[in-house]
Amino acid sequence: MISLRLLDQEYPFEGFDHVRFVARGIVMDSHGNVALHLLHRNDAFCDQTYYETPGGGVDEGESYVEAFARECKEELGADVDILLCLGEVEDAYNLIKRKNINRFFLAKVRSLGEPHFASKGDTLIQKTEWLPLEEAIAKMKAQDDRLVAGLVKRRELPMLEEVKRLRDAHRISYPGEPTHHGTLPLETKRLLLRRFEEADAEMMFANWSGDPDVTEFLEWPAHADVGVTRSVVTVWSKKYGDPTFYQWIIVKKENNEAIGSISVIHSDFDAVEIGYCIAKKEWNKHYTSEALEALLAYFFDNVNVSRVFGKTDVMNERGQAVMKNVGMAFKQTVPHGGFNQRGVCDVNVFEISKAEYQSRK
Ligand SMILES: CC(C)(COP(=O)(O)OP(=O)(O)OC[C@H]1O[C@@H](n2cnc3c(N)ncnc32)[C@H](O)[C@@H]1OP(=O)(O)O)[C@@H](O)C(=O)NCCC(=O)NCCS
């Protein structure tokens, strides 16, 4: 629980003549996006545009929880389930001699309708934005440090960051979040994608892990001998119990030959980054595109992630062509965004969202 006591150093202090009890919080929708109001005020306080979380004063006879649920209904049109209390912030508006006791909650949207603004403060709301948590944090961080915008920022940024901390530690969930199942077997027309087994090390070394042409654009160097490959496979074998661990060996059905691997290199909260490599003798036979298609179906239809992305050296035409083949779109070039056996490199990022994937089907 966060407990903060903040002074108003923006306006001169001439004592308090009233206290306002406020219920406020982070409201998360079924995509994990959170609501931020964009407010504009031009009054004795300031002429500023700034973000603020939903919420407002507790009415006579109301509890904090009841007040927050009512505010969500009024300001967002949302029926919410309140999950937990994030903490309390005591802050002040010296200009109106007011001390605020703000209790912050985290809530999930159960259903969303039309807002109907009810209080005077609501007239300041220009619009409400539903933003990915990281984006909401970035917007709050970028907010002006002065005057009301600064007061709000000091009060609310710690709450947004706390929600991110809880979310990243899987201490909270939201409807529609990914359910990780780990490396389950997948099958395509020509391929079988399955977990690595210790016995695969020899073929992996012979076909790709020992080949510097394959690892040229990869972070790891070609294995010096099969012993290195064996230890890597042993480590992976032990990780398969982790439902967020995805590492498939790609096997040709026609002759049971292992020809490469495809994996999740990094997973964000609701997105996965994929990577792949294939034995050189099998390049340009559309095997990797076929395997990646199977992964897209698995991650969107089964695991329910929001995005699949990949990145590779701008020079790696083959690696990029695979992502284009399956409908992943170029997003951006990140200068010095990666490294591989050629050194530090600029990388191109490709991505497909669940909505794009579904509209393509
Ligand atoms: C990248 C890699 C996995 C591709 O495997 P693959 O099974 O040959 O891939 P696919 O056959 O499905 O697709 C390859 C595409 O690259 C295209 N391609 C091949 N050489 C190319 C070149 N020099 N320039 C542009 N495109 C090229 C092919 O035409 C093909 O596209 P198409 O199907 O539209 O014709 C393989 O080359 C590899 O293992 N490279 C080394 C490891 C690596 O770079 N991994 C990517 C890092 S994430």
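Helix H8 gives the largest share of the shell around the ligand, six residues. A quick word on what you're looking at: this is a predicted model, where local features need pLDDT of at least 70, side-chain atom pairs count only at pLDDT 80 or more, and totals for chains, interfaces and linings use all residues. Residue numbers start from 1 along each chain as its sequence is written.

H8 spans 317-325, and at least two shell residues each come from H8, strand S13 (271-278), helix H7 (287-303) and strand S14 (307-313). The helices (H or I, at least four residues) and strands (E, at least two) are DSSP runs, numbered from the N terminus. There are 23 residues around the ligand, and Thr288, Ser289, Glu317, Gly319 and Ala321 come nearest. Being near here asks for a C-beta atom, placed from the backbone, within 6 Å of the molecule or strand.

Asparagine 304 is partly exposed, with 14 other C-beta atoms within 10 Å. (Buried takes 20 or more other C-beta atoms within 10 Å of the residue's own, exposed 12 or fewer, partly exposed in between, with C-beta atoms placed from the backbone.)

Asparagine 256 sits in the loop between strand S11 (247-252) and strand S12 (258-267). Asparagine 256 isn't a glycine, yet has a positive phi of about 65 degrees. With 9 other C-beta atoms within 10 Å, asparagine 256 is exposed.
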